[in-house]
Amino acid sequence: MRYFAQRLARFFVVFFIVTFGLMILLRLGMNAPGDPARTMLGGTVTDEQIATANARYHLDDPLIMQYFWWLKGMVTLDMGTSVQQNIAVSSYIGSRVLVTLFLGLYSLALAIIIAIPVAVFQAYRRDTRRDKAISIVSFGLVSVPNVVMAVLMVLVFVRTLGWFPRTGEKIYPWDDPVEHFRNFALPVFALTLPVAAVFTRLLRGDMIRTLQADFITLASAKGVSVRRILWRHALRNSLFSVLTSIGLQLSGVVGGAIVVEQLFNMKGMGTLLVITILSKDLFVVQALAAIIVFVVVVVNLLVDLSYAAVDPRIRQMRSLG
Amino acid sequence: MSDTTSTGPRRTLRQRLHLPRLGVLFGTVWLGGLTILTLLANHVPAAVPFIRYYDTKVKVNGKVKKYGFGPGLDAWFGTGKSAEDIFARCIYGAKLTLLIGIGATIIGLVVGAVIGVLSGYFRGWTDRIAGITTDSLMSIPPLLLSLVLVLRLDDLKEQYSWMGWISRPWQLSLTLGLVSVAPFARIVRAQTMVLREREFVTAARSLGASRSRIIMRELMPNLVPAMVTVAFTGLGILIAAEAGLAFLGMGVEQPHTWGKMIDIARDDIEKAWWATAFPCLMLFLTVLSFNLLGDELARRFDIREAAV
């Protein structure tokens, strides 16, 4: 329980620091009163419009008060208006969140689905030729930058083989599952392969270490089948590094998603982020960044809590870092 | 990586002859060769006549033609959108890519090491504050943070004249340096925690050594191997990050780095594959080389895989 409370407290502190820090960063240099409103509205605006925006979004308050007004706005989906489109930010973002969400979710899930069997196989057949070959391939994959991976996918599967389209049309799985997966296949593979390689390498190392433990020897002496030892006894005790790195990898996947969406012309948060950054639409940038940070922090919290689920020892531990 | 450092009687030919691993050999040759070529091309162009000048147009029958040549003898990597030689551009681009990467690594390593050593040595409140700081830095995806930072530095530069010295390459180095502070700090902290319990530190303390002496003379020298190792892995990652930023339009305008080259040619990928494929290849091989060397160093110094 104490562990749970500690993690939760850390979650709120980190979220506050990051989002407040982002707000300060995005407001730096806006010294004159009315500057934030002018940035928000864009173009030439009358004093009256500035006053309205100030009143509505409390842009004249001290920064910390503004922060809480902003937070309230985020929660109630009143995120301000966009400079470029002159429409509410929330409706602007809303339709795009799903695309990026699918992209991230599929990539991470697929990475784990690929990594676990491969790593278990490698640990079981340690130092054989096949193990070494897989190790070399996964080492190579770790070194492929996202940009390169995405370009490679286009070159091979779109240009040469013509199996997949290079469009990112938004098709929901509940409308047309086949087309949905066809559209997402390449971007997801481009994102997932390097991550899968990282997971495989981590898990292989941990599995090999676990397989040398005494309780494994005991289990096999008692006649437990190899399959059961590998998948039940050893795997469960080897999942820590992978669990820990899910949080880290998520950050990488989000960054990769920005790049991949751009290359495949998908209408997700990544492309929106790039558009708004290039057009200096700071309030949309702030909202997008906050959403992304929120997801990353929540996932990290879940990872921390899942330690406790996997390992009873942590539940009893009084404090951890 | 599989450990092939077998201690048994069966030793491979490579081990008997004390040759370096193939990967290390490749990494050293690639990085060394690239550095020499890019320095020569930038500063002593006469020494490398086979590399065209940055602005030279490769003409087809006397005319400038978009994507005139594919890879071949006329232009090794083909020619690009404005008839530039892709091979030459790849070589020229390497200098800035490497410099930005190295600059960022140094900034990240210095700041990260200070935070890491202090929090690992003093623990307690120092450690808590440092921990929350690194946690916070790590909750923003690096690419997102760098995009925002580069954008803001652009604006602030216009507004405050004292920031005028920050050119785009500096902007990128500072940004990527800040992004890499947290992972570096974590690794240094973990190493410091282990070292501070060792006998030689206790011995130094019992001899009455001051805190600063223990940190500077006892801990720091022992942290160098770990720091060099993560610096290599970090360099690979930061170079990839720089490419990502350049690809998204936040890179250096001139000369084009590899990421920028990919960005320029990506819309024509279907008719002129070479204009994107070769910068990609350069990027991959360079990142791979840094990783191979980092991996070897980690093995030598026996540092457990530090996933930056």
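Which elements of chain B do the buried residues of α2(B) pack against?

## Helix α2 of chain B

They pack against α3 (86-122) and α10 (274-301) of chain B, where contact needs C-beta atoms, placed from the backbone, within 7 Å. Helices here are DSSP runs (H or I, at least four residues), numbered from the N terminus. This is a predicted model, with local features needing pLDDT of at least 70, side-chain atom pairs counting only at pLDDT 80 or more, and totals for chains, interfaces and linings using all residues. Residues are numbered from 1 along each chain as its sequence is written, with chains lettered from A and ligands numbered from 1 in the order in which they are written.

The buried set in α2(B) is B:Gly27, B:Leu31, B:Leu34, B:Thr38 and B:Ala41. They sit on the same side of the helix because they cover an arc of only 115 degrees around the axis, taken from the directions from the helix axis to the C-beta atoms. Over on the other side, exposed residues include B:Leu22, B:Val29 and B:His43. Buried means 20 or more other C-beta atoms within 10 Å of a residue's own, exposed means 12 or fewer, and partly exposed is in between, with C-beta atoms placed from the backbone.

## Where the chains meet

Chain B puts 42 residues into the contact, and chain A puts in 48 residues. On chain B's side, α5(B) gives the most, with 10 residues. That side has 26 nonpolar, 11 polar and five charged residues. Here Ala, Val, Leu, Ile, Met, Phe, Trp, Tyr, Cys and Pro count as nonpolar, Asp, Glu, Lys and Arg as charged, and the others, Gly among them, as polar.

Key
Helices (H or I, at least four residues) and strands (E, at least two) are DSSP runs, numbered from the N terminus. Two residues are in contact if their C-beta atoms, placed from the backbone, lie within 7 Å.
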